[in-house]
Amino acid sequence: MPIENWLAFAAAAAILLAIPGPTILLVISYALGHGRKPAAAIVAGVALGDLTAMTASMAGLGAILATSSDLFTALRWIGAAYLVYLGVKLWRAPVTPPGTAAAPSIGLGRIFGHAYAVTALNPKSIVFFVAFVPQFLSADLPFLPQVTIMVATFVTMAALNAALYGLLASSARGALRKPAVQRAVNRTGGGLLIGSGLLAAAWRKAPA
């Protein structure tokens, strides 16, 4: 694909990824609670989730979701319910008083699954990719090579973005040891996750 198209796509993707959403809120919450240990599992879950969403979009699932009300509604409710579930868990998560041990250990497989599900189970992302990617395609060039480059670019950037947010959040753990601050962070993140789930449940596709 032309370099100018790729640069425009990368710039637009960077702006999109920089805006914290449900995935980044989950990354931050795990980093604050468990430090850098689950970083690899989180980043892998985010990368695979974005790869799943983009691959499904390019395979035509986005078009199906945009035209099939029943399928779209089912996936929307699954994703929304999961976001609300994670938000409630984060809201109710226990705080760690200063001088005590870190948050209870959690399996890396479970962390990976959470990150993957939150990233992949978002019908708005799938429909968005269908509308977003074609703007940077050249009609006179083969479709598959261009899409492959954009998928690889976006997934790599998403993984780096998640890693950066996790690193910054884990580095700030020392300044966030006060129970009141931890509780505020948990409830803010939990509230935003719940709100994201409710918004996803209420979201309707635009009329044709």
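Reader: At what angle do helix 3 and helix 8 pack?
Author: This is a predicted model, where local features need pLDDT of at least 70 and side-chain atom pairs 80 or more, while totals for chains, interfaces and linings use all residues. Residues are numbered from 1 along each chain as its sequence is written, and side-chain values use heavy atoms, without hydrogens or water. Helices are DSSP runs (H or I, at least four residues) numbered from the N terminus, and axes are lines fitted to C-alpha atoms over the stretch in contact, with angles from 0 to 180 degrees between N-to-C directions. The axes of helix 3 and helix 8 lie 9 Å apart, and the angle is about 155 degrees.

Reader: Are helix 3 and helix 8 roughly parallel or roughly antiparallel?
Author: Angles under 35 degrees count as roughly parallel, over 145 as roughly antiparallel, 65 to 115 as roughly perpendicular and the rest as oblique. Helix 3 and helix 8 pack at about 155 degrees. The pair is therefore roughly antiparallel.

Reader: How many nonpolar residues does the contact of helix 3 with helix 8 have?
Author: Contact means heavy atoms within 4.5 Å. Helix 3 brings V43, V46, A47, D50, L51, M54 and M58, and these meet residues of helix 8 including F143, M150, F154 and A163. Ala, Val, Leu, Ile, Met, Phe, Trp, Tyr, Cys and Pro count as nonpolar, Asp, Glu, Lys and Arg as charged, and the others as polar. The contact has one charged residue, no polar ones, and its nonpolar count is 16.

Reader: How are helix 3 and helix 6 oriented to each other?
Author: Helix 3 covers residues 39–58, and its axis comes within 7 Å of that of helix 6. The two axes cross at roughly 30 degrees. Helix 3 and helix 6 are therefore roughly parallel.

Reader: Is H114 buried or exposed?
Author: H114 is found in helix 6 and touches L26, Y30, Y82, L86 and K89, not counting residues up to four places away in sequence. Buried means under 20% relative accessible area, exposed over 50%, and partly exposed in between (1.4 Å probe, protein chains only). At 7% relative accessibility, H114 counts as buried.

Notes
Helices (H or I, at least four residues) and strands (E, at least two) are DSSP runs, numbered from the N terminus.
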